[in-house]
Amino acid sequence: MKTEVIKRAPLSSATLHILLALARADLHGYGIIKEVARNSDGHYRLGPGTLYDNLKKLMVAGLVADAPTPSASKRKSASIKEDDRRLYTLTKAGGDTLAAEVERLQGVVSKARLRLQEAKAGRA
Amino acid sequence: MKRSISRFAYRLLLGLHPASFQEEFGDEMLWIFEEEYKPGNAGYLLFDGTVSLLRQRCRIQSDPGQLSIASGAIITGPGIGPIRLLQATITISVILFSLMQLVGQSNPFTVSVRWADRMPCYTVTLQAPSHAEVILGTMP
């Protein structure tokens, strides 16, 4: 039910960037931050607070899940070590939501191009 | 010295988050703080941590996720009244000012309240000049 709602609604920038980053590969938190910076050529910056707030919501909505790793059961240990980093993965519902959002954005871009062409023709 | 103070302030912010959130993400947030920390970056990380604290504490419990994801706003919906929103704004202003004083930076944040001309609604925002504007709340 929640997934259906999210499919219809425009995603926030943070949500879109996180889903986009995870579409490429399973990543840990810092990996997502770096991937988002890379995808946006450094124009969009995601802080740890914003990242985990959104990850929590996405996990509740079933769009992102823990990636199966051997150390997943140990992730509640006191400190984060190299092997204990928690990996996140895009679920099928997450992939569908991302695809729906990309389709929506394509529609917006198409309409925007059409309007700009009309405006240009009107000026000529 | 400044790094240790910033780390202490960040730990303090994490400690104020709800226990379940701390347990699930606290270590990872601290790890990213350590990785991302640079002398000119402390203000942004503390700002982000403070906004995260507000989000976690003020989120509408009845329907987490749906409204925030749909609108892109951090706090939204009919569950937060104007008084609570004003309290949150004052609290975050005081916290940020104190943290900036603590890490020896001038306060780079501005708090603004905007009322729409024709519609009975207003928006409270926090803005850091070099970073994204954060909408604290939009009230119908």
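Predicted model: local features only at pLDDT ≥ 70, side-chain atom pairs only at ≥ 80, totals over all residues.
A residue is termed buried here if 20 or more other C-beta atoms lie within 10 Å of its own. H5(A) covers residues 92-123 and reaches 47 Å from its first C-alpha to its last, close to the 46 Å expected at 1.5 Å a residue.

**The sheet of chain A**

Chain A also contains an open sheet of 3 strands, in the order E1-E3-E2, with antiparallel pairing. Strands E1 and E2 of chain A stand at the edges with a single partner strand each, so one side of each has no neighbour in the sheet. Strands of a sheet pair through backbone hydrogen bonds, either parallel or antiparallel. Between E2(A) and E3(A) the antiparallel pairing extends over 3 bridges, and A:Asp66 stands opposite A:Tyr88 of E3(A).

| Strand of chain A | Residues |
|---|---|
| E1(A) | 27-28 |
| E2(A) | 64-66 |
| E3(A) | 87-90 |

The loop between H2 and E1 of chain A holds A:Ala25. This residue counts as exposed because it has 12 C-beta neighbours inside 10 Å. A:Ala25 and A:Leu87 are 62 residues apart in sequence, and their C-alpha atoms are 9.8 Å apart in space.

**Chain B**

Chain B comprises 5 helices and 3 strands, which run α-α-α-α-α-β-β-β from the N terminus on. Of its 140 residues, 31% are buried. Among contacts in chain B with a separation of 6 or more, 52% are between residues 24 or more positions apart.

In soluble globular proteins, nonpolar side chains tend to be buried together. In this model, the largest nonpolar core has 41 residues, of which A:Ile18, A:Leu22, A:Ile32 and B:Leu46 touch the most other members. Two or more residues are given to this core by each of H2 (13-24), H3 (29-39), H4 (48-60) and E3 of chain A, and by each of H1 (2-16), H2 (19-36), H3 (42-58) and H5 (82-102) of chain B. The most, 7 residues, comes from H3(B).

Neighbours within four places in sequence set aside, B:Leu46 is in contact with B:Ser6, B:Ala9, B:Tyr10, B:Leu13 and B:Leu99.

Key:
Residues numbered from 1 in each chain as written. Chains lettered and ligands numbered in written order. Helix = DSSP H or I, 4+ residues; strand = E, 2+ residues; numbered from the N terminus. Contact = placed C-beta atoms within 7 Å. Expected span 1.5 Å × (residues − 1). Pairing = 2+ DSSP bridges. Core = buried A, V, L, I, M, F, W, Y, C linked by C-beta atoms within 7 Å.
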